[in-house]
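Keep the structure open beside the text.

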Amino acid sequence: MGTNKSVTIATVQERFNLTNFTPELNLEDAKVTVADVNRPALQLHGFYEHFEPSRIQVIGNVESAYLAKKSDEEQAVSFAQLFSHEIPCVIFCRGEKPSEVLIQEANKAKIPILGTDRGTSEFMSALIYSLNMDFAPYTTIHGVLVDVYGEGLLITGESGIGKSEAALELIRRGHRLVSDDVVEIRRPNNERLYGRAPSITQYLIELRGIGIIDVKSLYGVEAVKDEQRIDLVIKLEDWSKEKEYDRLGMTDEYMNILGIDVTCHSLPIRPGRNLAIICEAAAVNHRQKKMGYNAAEELYRRVQNNMTSC
């Protein structure tokens, strides 16, 4: 499926530290617009039905062995036909190197040829994941994202309610900051959301009355994280006597982000409540629920057993 987003081959080359066999070409001019990749074994044999030219073409051991049995003239014909479809680039895996004939044809067609020592399947998996993140549906949310015991905790609420202060206390308790103030969220598939900080505010926290602090510099690299899956949302709000708050947790509430429902807890703010400890407990409790244990259901079971035994 096409997309209006694109990633330059220069970005792919830098991200995966790929060898460039066509240094004469400007990698900024070549772009990829889909996350899928293709191994062009059938195309090298001349079969182009259902061929998707917008995909990066990956050459592994099988394709390299096939090419080794072809003469220079046959290779030139095969690749001239492949390059006529204006593919983004060709990447050789497992340390395989393109022939001089291939490099000549690539320079004529202005198709970059790159290489890596990584295994074909492993590299393709990493490349597809990386491109999926680039092309994933995207949104931003005002909040703080923290990694608490491996659970991605997204803290939201009105400006000035205490999100950053809660995050700072969590960091002091050994957890890791992903983003403060603005969280960039991507959905690489239909099951998971991942959040990260905008590059301009990465590792920074704003504390009213103090200003901007650099978490990485103050607390070390173990206190920050570049990206985190979002597992739970904590919504901070002012305490209201008129509002009923869930005290048992028998039913879950959700926040819909990019079409995915994420478990959400509304946390009323009152003087004396330690937000960091409550957020930490919420993260651990959420993990426990994913492992199959629900304390609210256990309480309900005990009450039912007590009633039937009377």
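**Exercise 1.** With which residue does Asp 231 form a salt bridge, and how far apart are the closest N and O atoms?

*Solution.* This is a predicted model. Start from the Asp 231 side chain. Its salt-bridge partner is Lys 290, and the closest N and O atoms are 3.6 Å apart. The cut-off is 4 Å, so the pair counts. Now place both residues. Asp 231 sits in the loop between strand S16 (227-229) and strand S17 (232-238). Lys 290 belongs to helix H9, 59 residues apart from Asp 231. Asp 231 has a relative accessible area of 10%. Buried means under 20%, so Asp 231 is buried. Last, look for further links.

**Exercise 2.** Find the salt bridge between Arg 173 and Glu 280, then classify each residue as buried or partly exposed.

*Solution.* The closest N and O atoms of this pair are 2.8 Å apart. Arg 173 lies in the loop between helix H7 (163-172) and strand S11 (176-179). Glu 280 lies in helix H9 (residues 275-290), 107 residues apart from Arg 173. Arg 173 is partly exposed at 38% relative accessible area. Glu 280 is buried at 9%.

**Exercise 3.** Which helices does the salt bridge between Arg 15 and Asp 134 link?

*Solution.* The two side chains meet at 2.7 Å, N to O. Arg 15 is in helix H1 (residues 9-15), and Asp 134 is in helix H6 (residues 120-135). The two residues are 119 residues apart. Arg 15 is partly exposed, at 38%. Asp 134 is also partly exposed, at 24%.

Definitions and conventions
Residues are numbered from 1 along each chain as its sequence is written. This is a predicted model: local features need pLDDT of at least 70, side-chain atom pairs count only at pLDDT 80 or more; totals for chains, interfaces and linings use all residues. Side-chain values use heavy atoms; hydrogens and water are left out. Helices (H or I, at least four residues) and strands (E, at least two) are DSSP runs, numbered from the N terminus. Buried means under 20% relative accessible area, exposed over 50%, partly exposed in between (1.4 Å probe, protein chains only).
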